[in-house]
Amino acid sequence: GTAYCRHCHRQQGSGSGSGSGSGSGSARPEPLEPSLLRFLVCPLSKRPLRYEEATNELINEELGIAYPIIDGIPNMVPEAARRTHKKPPAEGSEQP
């Protein structure tokens, strides 16, 4: 394994070349392998996920979360999931 120092790397790219490195990789995000989708379930609800091609994410409609797909590999950690529901559930302040 190669030793990778995160602290040194962060100091290097502070400010100067933060936005310019985006064009070096593949411009188009790597799509998900369709055969994988049959086996992938949400780690939280254990339900099937829907692949959203536009955002390159795996969507869990039930929980309203989206898992990012990085280089064709779904990042299925709950911490990495993005909330898809626009409205925060803070509306119901008055309880019956």
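Mentor: This is a predicted model, and its protein chain has 1 helix and 5 strands. Along the sequence the pattern reads α-β-β-β-β-β.

Trainee: What share of the 96 residues counts as buried?
Mentor: For the protein chain, 18% of the residues are in that class.

Trainee: What makes Glu57 buried?
Mentor: Buried means under 20% relative accessible area. Glu57 has 9% relative accessibility, so Glu57 counts as buried.

Trainee: And why is Thr84 called partly exposed?
Mentor: The partly exposed class lies between the buried cut-off, under 20%, and the exposed one, over 50%. Thr84 has 22% relative accessibility, and therefore counts as partly exposed. Thr84 sits in the segment after strand 5 (82-83).

Trainee: Which residues does Thr84 contact, leaving aside its neighbours within four places in sequence?
Mentor: Ile59, Gly64, Ile65 and Ala66. Ile65 and Ala66 are also among the contacts of Ala81, again leaving aside neighbours within four places.

Trainee: Which residues make up the largest nonpolar core?
Mentor: The core has 9 residues: Leu32, Leu40, Cys42, Leu49, Leu58, Ile65, Tyr67, Ile69 and Ala81. Strand 3 (residues 65-70) gives the largest share, 3 residues.

Trainee: Let's turn to charges. Why is the pair Glu57 and Arg82 called a salt bridge?
Mentor: The definition asks for a side-chain nitrogen of Lys or Arg within 4 Å of a carboxyl oxygen of Asp or Glu. In this pair the N to O distance is 2.7 Å, so Glu57 and Arg82 qualify. Glu57 lies in strand 2 and Arg82 in strand 5, so the pair ties together parts that are 25 residues apart in sequence. Arg82 itself is partly exposed, at 39% relative accessible area.

Trainee: What does Arg50 pair with in salt bridges?
Mentor: Arg50 meets Glu52 at 2.7 Å, N to O, and Glu61, also at 2.7 Å. Arg50 lies in strand 1 (residues 50-52) and Glu61 in the loop between strand 2 (57-60) and strand 3, so this pair links parts 11 residues apart in sequence.

Trainee: What makes Arg50, Glu52 and Glu61 one network?
Mentor: Their salt bridges share partners, and that joins the three residues. Arg50 is partly exposed at 37%, and Glu52 is partly exposed at 24%.

Trainee: How many salt bridges does a search of the whole structure find?
Mentor: It finds 4 salt bridges.

Terms used. Residues are numbered from 1 along each chain as its sequence is written. This is a predicted model: local features need pLDDT of at least 70, side-chain atom pairs count only at pLDDT 80 or more; totals for chains, interfaces and linings use all residues. Side-chain values use heavy atoms; hydrogens and water are left out. Helices (H or I, at least four residues) and strands (E, at least two) are DSSP runs, numbered from the N terminus. Buried means under 20% relative accessible area, exposed over 50%, partly exposed in between (1.4 Å probe, protein chains only). A nonpolar core is a set of buried Ala, Val, Leu, Ile, Met, Phe, Trp, Tyr and Cys residues joined through side-chain atoms within 4.5 Å. Contact means heavy atoms within 4.5 Å.
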